[in-house]
Amino acid sequence: MERQHPAVPLLPVLLLLALLSPDARGSESPQYATVHAESDFEVRHYRDTVWMSAPSDDTSFHVATKLGFHRLFQYLMGANLNSSRIRMTTPILTSIVPGAGPLHSSAYFVRLYLPLEFQASPPVPLPELNLHPDRWPGHCVAVRSFSGYARDHNVVEEAEKLALSLSRSPWGNSTNHPSKNAYSIAQYNSPFRIVGRVNEVWFDVDCRSAGVEAY
């Protein structure tokens, strides 16, 4: 008899998220090396990584992130063909692709980094969750940090600030590196944390265009 995996209601997800908060000490994150740093941004080189991705056609960054994470959380809680429980990691990463959604609206991809033990062979998600693994080759990312809650109005402002900083730096031509994502927003804290929140806006960049051999 096929084993059934009941959907996890949204309210319990939020309560469990408080217990499994990314704020928890020792939460696993993808490894990187900082290859350049300025006062308002830095450039990191990330190793090869595998993420689980929840695509969304919702027109709101905030709603797409919340609903996408709800599906990812079910996957973490065992809604996969192995019935594996997977530890929470950081960050929750929402990538924005302008014009890729319905009627040329933005499309969103909510991603969660898979722990090291599942990088080589991610458990297969149940089909109804509409999740898929994303394998990212090692690459460079320009990062700007910001505080508070990441919402539709301020993520665009933060992306514009990073773009301006890059244009005034040696990395001004590096964002031509081919990328399917216009930019991504990384969130490191539980929604229950009010002060001291950490978020980041990420642009994929080409390290070699600035003379950095990080590959």
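A residue is called buried when its relative accessible area is under 20%, exposed when that area is over 50%, and partly exposed in between, as judged with a 1.4 Å probe on protein chains only. The model is a predicted one, in which local features need pLDDT of at least 70 and side-chain atom pairs count only at pLDDT 80 or more, whereas totals for chains, interfaces and linings use all residues. Residues are numbered from 1 along each chain as its sequence is written, and side-chain values rest on heavy atoms, with hydrogens and water left out.

Side chains of opposite charge can pair when their charged atoms come close. The structure holds seven salt bridges, a salt bridge being a side-chain nitrogen of Lys or Arg within 4 Å of a carboxyl oxygen of Asp or Glu.

One of these joins Glu-158 to Arg-144, with the closest N and O atoms 2.7 Å apart. This pair links distant parts of the chain, since Glu-158 belongs to helix α4 (residues 152-167) and Arg-144 to strand β7 (residues 139-146), 14 residues apart; helices (H or I, at least four residues) and strands (E, at least two) are DSSP runs, numbered from the N terminus. Both Glu-158 and Arg-144 are buried, and for Glu-158 the relative accessible area is 10%. Glu-158 also meets the side chain of Lys-161 in a salt bridge, at 3.7 Å from N to O. Lys-161 and Glu-158 are three residues apart in helix α4, so about one helical turn separates them. Lys-161 is partly exposed, with a relative accessible area of 38%.

A further salt bridge is formed by Glu-117 and Arg-87, whose closest N and O atoms lie 3.2 Å apart. Here too distant parts of the chain are linked, with Glu-117 in helix α3 (residues 116-119) and Arg-87 in the loop between α2 and β4, 30 residues apart. Glu-117 is exposed, at a relative accessible area of 55%, while Arg-87 is partly exposed, at 42%.

The loop between α2 (61-76) and β4 (92-97) also holds Ser-84. Ser-84 counts as buried because its relative accessibility is 16%. When its neighbours within four places in sequence are left aside, Ser-84 is in contact (heavy atoms within 4.5 Å) with Tyr-75, Leu-76, Met-77, Gly-78, Phe-118 and Pro-123.
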